[in-house]
Amino acid sequence: MRVSGLLRFLSLTFFLITLWIFSHSYTSFSLKNIRLPRWLGSGSKESPVKTKCDLSKPCPANFFAFKICSGAANVVGPSICFEDNMIMSSVKNNVGRGLNIALVNGSTGMVLKKEYFDMYSGDPTSLVKFLKAILEDELVLVASYDDPGTKMNDEIRKLFSNLGSSYANQLGFRDSWVFLGARGIKSKSPFEQYLKNNPNTNKYEGWPELLELEGCVPRKVF
């Protein structure tokens, strides 16, 4: 009985010692490999780089950053951001149905004008006057909302085409359109997106999906 009891005691002691060694080794390993990096900050991910207008990547030197979003149906208004300056948006309460337009100095980036024109029941002559007054060193940023095409006439289409638009001649009822151009451009602007109002492809009931246009435009590009 004494021998068997001694053996049981020795076995239990050996088991407890082995368990303690294993537990101590595992804890030390965990502290070194998991906890220490957290204390030192080496295990944390790098913070994403903040870009102007939340672009997917920063613009190079001597380029302006911009992002233009059309409206979503007749519910969510459009937005126009230039050099991290939100020029027009629903939050600023300065957008409206039709065409939302901002003019920016192409050399300094200064915002010159911002207006919206009701293209469903408004007077198109006010838009014609606005477009004819644009100077050659001014960038034109356009975002549609709800309906940009009902009051669109041949004169307005030609004025937008002269600013570099490829789709102004097609713009119609409830189409989605975002555009950046300038007066006197020698070729069509690379900054433009367009979606036709089509019941078979519309994302929303009665309207195509919103468009988002972002990019980097060089100073005095036009």
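1. Let's start with a term you will need: a salt bridge is a side-chain nitrogen of Lys or Arg within 4 Å of a carboxyl oxygen of Asp or Glu. Please keep in mind as you read that this is a predicted model. How accessible are the two partners, D118 and R97? D118 is partly exposed at 25% relative accessibility, and R97 is partly exposed as well, with a relative accessible area of 30%.

2. Now for the other charged pairs. A search of the whole structure turns up 8 salt bridges. One of them joins the side chains of K52 and E83, at 2.8 Å from N to O. Here K52 belongs to the loop between α1 (2-40) and β1 (63-69), and E83 to the loop between β2 (79-82) and β3 (85-88), so the bridge connects parts that are 31 residues apart in sequence. K52 is partly exposed at 42% relative accessibility; E83 is partly exposed too, with a relative accessible area of 22%.

3. Have a look at D54 and K50 next, whose side chains meet in a salt bridge with an N to O distance of 3.7 Å. Is D54 buried or exposed? D54 is exposed, with a relative accessible area of 53%, and K50 is exposed with 57%.

4. D84 deserves a point of its own. You will find D84 in the loop between β2 and β3, where this residue is partly exposed with a relative accessible area of 44%. Its phi is near 70°, a positive value in a residue other than glycine. R174 also has a positive phi, of about 60°, although R174 is not a glycine. Where is R174 placed? R174 lies in the loop between α3 and β7 (176-182), and at 23% relative accessibility R174 counts as partly exposed.

5. Which residues of α2 are buried? They are P124, L127, V128, F130 and L131. Seen down the axis of α2, these buried residues fall within an arc of 165°, so they line one face of the helix. The face turned away from that buried side carries the exposed residues T125, K129 and K132. As for their neighbours, the buried residues of α2 pack against β4, β5 and α3 (154-162).

6. On to the sheet. How many strands form the open sheet? There are 5, in the order β5-β4-β6-β7-β8, with antiparallel pairing. β5 and β8 (192-195) are the edge strands, each pairing on one side only. Neighbouring strands in this sheet are turned by 15° against each other on average, with direction ignored. Within the sheet, β6 (residues 138-145) pairs with β7 in the antiparallel sense over 5 bridges, and V142 stands opposite F179 in β7. Helix α3 lies across β4, β6 and β7, running at about 55° to β7.

7. Finally, the aromatic rings. A pair of aromatic rings is described by the distance of the centres and the angle of the planes. The structure holds 6 aromatic pairs. In one of them, the rings of F64 and F82 have centres 5.1 Å apart and planes at 45°, so this pair is tilted. Another pair, F160 and W177, is edge-to-face, with 5.1 Å from centre to centre and 90° between the planes. F160 comes from helix α3 and W177 from strand β7, so parts that are 17 residues apart in sequence are tied together. F160 is buried at 0% relative accessibility, and W177 is buried at 0% as well. Ring pairs also link F160, W177 and F179 into a cluster.

Note on methods: Residues are numbered from 1 along each chain as its sequence is written. This is a predicted model: local features need pLDDT of at least 70, side-chain atom pairs count only at pLDDT 80 or more; totals for chains, interfaces and linings use all residues. Side-chain values use heavy atoms; hydrogens and water are left out. Buried means under 20% relative accessible area, exposed over 50%, partly exposed in between (1.4 Å probe, protein chains only). Helices (H or I, at least four residues) and strands (E, at least two) are DSSP runs, numbered from the N terminus. The arc is that of the directions from the helix axis to the C-beta atoms. Contact means heavy atoms within 4.5 Å. Two strands pair if DSSP finds at least two bridges between them. Axes are lines fitted to C-alpha atoms, for helices over the stretch in contact, and angles run from 0 to 180 degrees between N-to-C directions. Rings of Phe, Tyr and Trp (its six-membered ring) pair if their centres lie within 6.5 Å; planes under 30 degrees apart count as stacked, over 60 as edge-to-face and the rest as tilted.
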